[in-house]
Amino acid sequence: MTPKHVTQRPLLAGMIATLTIIVAAAWLIYSYRQGDAVASVAPALPQVVVSKPLVREVDARLGFLGQFSAVEQVELRAQVGGTLTGIHFKDGDVVHKGNLLFTIDSRPYEIRLAQANAQLDTARARLALASRELNRAQTLATKAVGTEQAVDQRTNDQRAAQAAVDDAKAQIRDAEFDLEHCRITAPFTGRIGTHLVSVGNLIAGSRAATSPTTLLATLVSLDPIYLDFDMSESDFLTFSRDRAWRNQGLANKVEIALGDETEFARQGTLDFVDNALNRSSGTIHARATVPNPDGILTPGVFARVRLVVGAPAQALLVPDTAVLPDQSEHIVMTVAPDGTVVPKQVAIGDLRGSLRVIRSGLAPNDRVIIDGIPHALPGTKVAPQDGAIRYAGREGQG
């Protein structure tokens, strides 16, 4: 091997090493730039569904919480005393007017009636005798045998006998009254409660309730039934202005929903509003009469009441889920043209199915977030997608 070849080998190795270093450095620079480019890509914006408020003509409504009460309610008490001999119903039964409910031992009153009849027979016999003696005295007086004094005496005797007959008849009617009230019947059709006495108990009775009487049971009517509720002063003023505008009386229909019902399918007639506000509560009492043919409505049960007031007017509606509580206020999330979330404070009305009436605070062209609300923070950017608010056939009845 010549000296020239020995000299070229180290030089070639150095060039290869230098080239390797340059390639590695270029690769590192390229990798760093690629990683920085990936890191500089902005994260994806949260997606939300937006829609303009629904515009519909709706009527104004007032809502209340009411409680049912019986049109007729009576405490069944005896008008005569004695031993209870029979209970002729089952607790909780629907009883009809005239149905027998309780019986009291009638023997003492039968004896009293028999005594009154005997007294009448005696009084009639005395009256007949007094009438014959009066005729005889009058005959003798016409023949100048008797005196006018004797006639007057016989006349007084006859009148006394007639009074005794009248008194005996009154005693009979009194005894018959007591005897009839040994059978206690239902004064009207309704549902009876539990019996509060048992057979064999001694019952205290009084016609005029001048002495303590025994409560036997209670009876309440079922159909129709009252629904009582209270109006606030502001609601009452709204109601009064509507009545004045319509020039109508109190024959207004109310819509009713029970606690487990979502639709106001029942109807009643508002037939009473009190004549003064309660000073302590600031409310006025009102009452509706509700048909109850199936007997489902029971005194004491609560129900929601809705009263339509005012002429129909255009209103904005949004899904109730799009309305967020904010302490004592309510807000709706909207999206600005640049995609920024903007909260708007609104005044809300009543529900129409799943839609909420917006009284103020929202414009017809606002884009309301109806889905994806948890990702929509005020002031942040979002990616809005167009949606639609559905107005179902029964939304206006909810």
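1. A residue is termed buried under 20% relative accessible area, exposed over 50%, and partly exposed in between (1.4 Å probe, protein chains only). By this scale Arg77 is partly exposed, because its relative accessibility is 35%. Glu75 is likewise partly exposed, at 47%. The side chains of Arg77 and Glu75 meet in a salt bridge, with N to O at 3.0 Å; the term denotes a side-chain nitrogen of Lys or Arg within 4 Å of a carboxyl oxygen of Asp or Glu.

2. On the basis of the note: the model is predicted, so that local features need pLDDT of at least 70 and side-chain atom pairs count only at pLDDT 80 or more, while totals for chains, interfaces and linings use all residues. Residues are numbered from 1 along each chain as its sequence is written, and side-chain values use heavy atoms, with hydrogens and water left out.

3. The overall composition is as follows. The chain contains four helices and 21 strands, where helices (H or I, at least four residues) and strands (E, at least two) are DSSP runs numbered from the N terminus. Of its 398 residues, 32% count as buried. The chain exposes about 23,900 Å², and carbon and sulfur atoms supply 55% of this area; accessible areas come from the Shrake-Rupley method with a 1.4 Å probe, and for residues only the protein chains shown count as cover. Among contacts (heavy atoms within 4.5 Å) with a separation of 6 or more, 75% are between residues 24 or more positions apart.

4. Strand 10 (residues 215-220) takes part in two pairings; strands pair if DSSP finds at least two bridges between them. Strand 3 (residues 73-77) runs antiparallel to strand 10 and is joined to it by five bridges, with Val74 opposite Leu219. Strand 8 (residues 190-192) is also antiparallel to strand 10, through two bridges, and here Arg191 stands opposite Val220.

5. The structure holds 12 salt bridges. In one of them, Arg107 and Asp105 have their closest N and O atoms 3.0 Å apart. Arg107 counts as exposed, at 55% relative accessibility, whereas Asp105 is buried, at 17%.

6. A further salt bridge joins the side chains of Arg207 and Asp174 at 2.7 Å, N to O. Arg207 lies in the loop between strand 9 (202-203) and strand 10, and Asp174 lies in helix 3 (residues 148-180), so the pair ties together parts 33 residues apart in sequence. Arg207 is partly exposed at 40%, as is Asp174 at 23%. Salt bridges with shared partners unite Arg112, Asp174, Asp178 and Arg207 in one network.

7. The largest nonpolar core has 27 residues, and Val48, Ile358, Leu362, Val368 and Ile369 have the most contacts inside it. Such a core is a set of buried Ala, Val, Leu, Ile, Met, Phe, Trp, Tyr and Cys residues joined through side-chain atoms within 4.5 Å. Among the elements giving two or more residues to this core are strand 1, strand 2 (54-70) and strand 15 (302-319). Another core, of 23 residues, lies apart from it and includes Phe64, Phe68, Leu270 and Ile284.

8. Two residues may be examined individually. Leaving aside residues up to four places away in sequence, Ile369 touches residues including Val48, Val49, Val50, Met333 and Val335. Ser51 belongs to strand 1 (residues 47-51) and is buried, with a relative accessible area of 10%. Beyond its neighbours within four places in sequence, the contacts of Ser51 include Asp366, Arg367, Val368 and Gly387.
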